[in-house]
Amino acid sequence: MDDHPAAPDKPSLLDQTAFHDLCVNYLDSRDLGRKFPPTRELLTLLRQKILKGPGPNPSTSITELISRWNAAQPVYKLPPELIALIVTFELPVFITLKASDKYVAVLYMKEMAALASVSRMWRETIIGTSRLWGILSTLLPPHINHLSLKRSAECPLTIQATEWPDETQSTSTDDLLDMALPHWSRCSNAQFHRIPLPRLLGHLEAPAPLLDALLLWGSPRQLQEPIDLFAGHAPNLRDVEVYRVRILVNPDVFRGLCHLVLQSVKNAIPLDSLFTCLTASPALEWLKLSCLDILPASLPPQEPIVLLHLGVIIVEDLSSEFVVQILPFIRAPTCKHLTLRTYGQIDEQSFGETYYLDRCLLHFDSLFRLTLASVGSSEVSIDINHFLWNTIDSRFVSSYSPPDPYFFITLPCRRLAPVISFISPFLSPPSEQPYELSLIEVGWGYDYADDPVGLDALVRLPNVTTLKLEDPSAFELVLGLLGGSTEGAMRSPESPVLNELRLHEGSEWKLSELERMLERRYAESWEGEEELPPISVVLQIPISRLERWPGLNVRFDDLARIETMRGVKSVRLEAVRMRGGDGILACIYDEDLGI
């Protein structure tokens, strides 16, 4: 966008409509009166008619009538202040948690150019409104950045400096920083992605009186000492994202926040400082703590920190030892999204699994109930001494807008019984139909042989519709439970609504075990009870085996044999990744179709 005089406005749809209304009589066509707006063919015909001479009123040309009509429209009568306000609402907003959308600056300028084309008055208003400018980005051409800085006058600036190795930048990082950093005192939004920290250090440690949002992504090897941000003075700071940078969590700076993300901050963060920051940010809406080293609090809070607006909590890659020192002291009654991924076993000497669950998660009971009531189902998975419980269609939340109710919980687990006892009341609320468990995955790595009671409790969870068996040490007991017997005792089969059983072909299991389970599950002795639905059997073959041995026997004889077993609805053969994910359908047999 430049300061050259604007070209004559092009006819818009509104102009064409006026053109149509004023000129129906010129063509003497009833068809034209029915078309709104006019087609290109009719407009071309109309143009030809007009070029032959004036209309019924020789003193006024049709183009003059159109010009008068347009000038009388409301969009031309808007005062400049209102036009500027409309433009402000229309333009995309710069917020740190959308920094992954690195083209927001380009979109901003394109939108502003489009709005400036509405009319000359709109263009002049946009150019003359300084607060609409001040967007400086490495993804914008140099002349646009210079023009934006010039037109911003003394208004706040947004600086978006990124070094993306996979694409060419429009403005070099050095050139943008040379242009923007001298005006640091009026920066309101700063996004520095992979910028050499020594180049920024003098400004990051200087007061930032107008700064509202900060995204700082660096390399911890660039600076050995943590940065004391903004010399303790950033009174308007509301949004903070820090990745892979050593910083001091200064309560004088980190206060009054709405969004806080600390990820891979390589220096240890004192928990006392973090609690002080949270206490000083009662309007906090978003909290993400990921891959951090925490220094234990010298004096934990006497009362929980209540954050009434906190809708998103993401705690990832923190040890269980640190999680139990953080989550028990946070209360978020309106939380709609909880992600918890921990590592390391629970210290049984300090606190057991029941203590961990009750202290860290029980106060999120309203979130669990709200999510299950909204979604209607969840999934459970056991894998390498971890227990996973999450809602379906899990996605990482990356926007500020409140997400649909959602939780994703991964817990270290030595015994299944305490975790199952914790989630069971949510799955089977009193006086209500149990929520669906759309998948139970008995994965690799857990010592099922050493925890038969826990595995028994897992299979007994209500409303299980799909069961996936991977670890061979669990096959005998699980199939026994599904068949209605365990350790010689006969009882009703578990998972009465089960309709799909997935068996991993990479495991060592015998077809005869499956056959015995099906014979018992659908035996005549259970006829007194409600009829069990037939099961679809899925044999899953790891893709790695298919790639390694292209001529692998896929055991079609086994598929044919399973298809003849009682209670089998259909048989499928799938190629799957070793660690979950959707499979590639290889073969299917359907009993109803006979193919």
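Colleague: Let's start with the big picture. How many helices and strands does the protein have?

Modeller: There are 21 helices and 24 strands. Keep in mind that this is a predicted model.

Colleague: And what share of the 595 residues is buried?

Modeller: Buried residues make up 49% of them.

Colleague: Now the inside. Which residues have the most contacts within the largest nonpolar core?

Modeller: A nonpolar core is a set of buried nonpolar residues joined through their side chains. Here the largest one has 129 residues, and Phe192, Phe230, Phe254, Leu262 and Leu361 have the most contacts inside it. Helix 16, residues 416-427, gives this core its largest share, seven residues. There's also a second, separate core of 16 residues, with Met109, Leu115, Trp122 and Ile126 among them.

Colleague: Can we zoom in on Leu361? What does Leu361 touch?

Modeller: Leaving out residues up to four places away in sequence, Leu361 touches Leu338, Leu340, Tyr356, Phe368, Ile409, Leu411 and Phe422.

Colleague: How do I read the packing of a helix, say helix 17? Which of its residues are buried?

Modeller: Start with the buried residues, then look at what they pack against. Helix 17 covers residues 452-459, and its buried residues are Gly454, Leu455, Asp456, Leu458 and Val459. They pack against strand 14 (377-383), helix 16, strand 17 and helix 18 (475-483).

Colleague: On to charges. How many salt bridges does the structure hold?

Modeller: The general idea is that side chains of opposite charge can pair when their charged atoms come close. This structure holds 12 salt bridges. In one of them, the side chains of Lys468 and Glu441 meet at 3.9 Å, N to O. Lys468 lies in strand 18 (residues 466-469) and Glu441 in strand 17 (residues 436-442), so this pair ties together parts that are 27 residues apart in sequence.

Colleague: Are Lys468 and Glu441 buried or exposed?

Modeller: Both Lys468 and Glu441 are buried. Lys468 also meets Glu470 in a salt bridge, at 3.3 Å, N to O, and Glu470 is buried too.

Colleague: Which parts does the salt bridge between Glu515 and Arg561 tie together?

Modeller: Their side chains meet at 2.7 Å, N to O. Glu515 sits in helix 19 (residues 511-521) and Arg561 in helix 21 (residues 556-563), so the pair joins parts 46 residues apart in sequence. Glu515 is partly exposed, with a relative accessible area of 23%, and Arg561 is partly exposed as well, at 38%.

Colleague: Which residues are linked in a network of salt bridges?

Modeller: Asp174, Asp178 and Arg199 are linked that way.

Colleague: Last one: what is the nearest side chain of opposite charge to Glu241?

Modeller: That's Lys288, 7.3 Å away. A salt bridge needs the atoms within 4 Å, and Glu241 is buried yet has no salt bridge. Glu241 is in strand 5, residues 239-243, and its side chain makes a polar contact with the side chain of Tyr243 at 2.4 Å.

Note on methods:
Residues are numbered from 1 along each chain as its sequence is written. This is a predicted model: local features need pLDDT of at least 70, side-chain atom pairs count only at pLDDT 80 or more; totals for chains, interfaces and linings use all residues. Side-chain values use heavy atoms; hydrogens and water are left out. Helices (H or I, at least four residues) and strands (E, at least two) are DSSP runs, numbered from the N terminus. Buried means under 20% relative accessible area, exposed over 50%, partly exposed in between (1.4 Å probe, protein chains only). Lys and Arg count as positive and Asp and Glu as negative; His and the chain ends are not counted. A polar contact is a pair of N or O atoms within 3.5 Å; within protein, one must be able to donate a hydrogen and the other to accept it, and residues adjacent in sequence count only if both atoms are side-chain atoms. A nonpolar core is a set of buried Ala, Val, Leu, Ile, Met, Phe, Trp, Tyr and Cys residues joined through side-chain atoms within 4.5 Å. Contact means heavy atoms within 4.5 Å.
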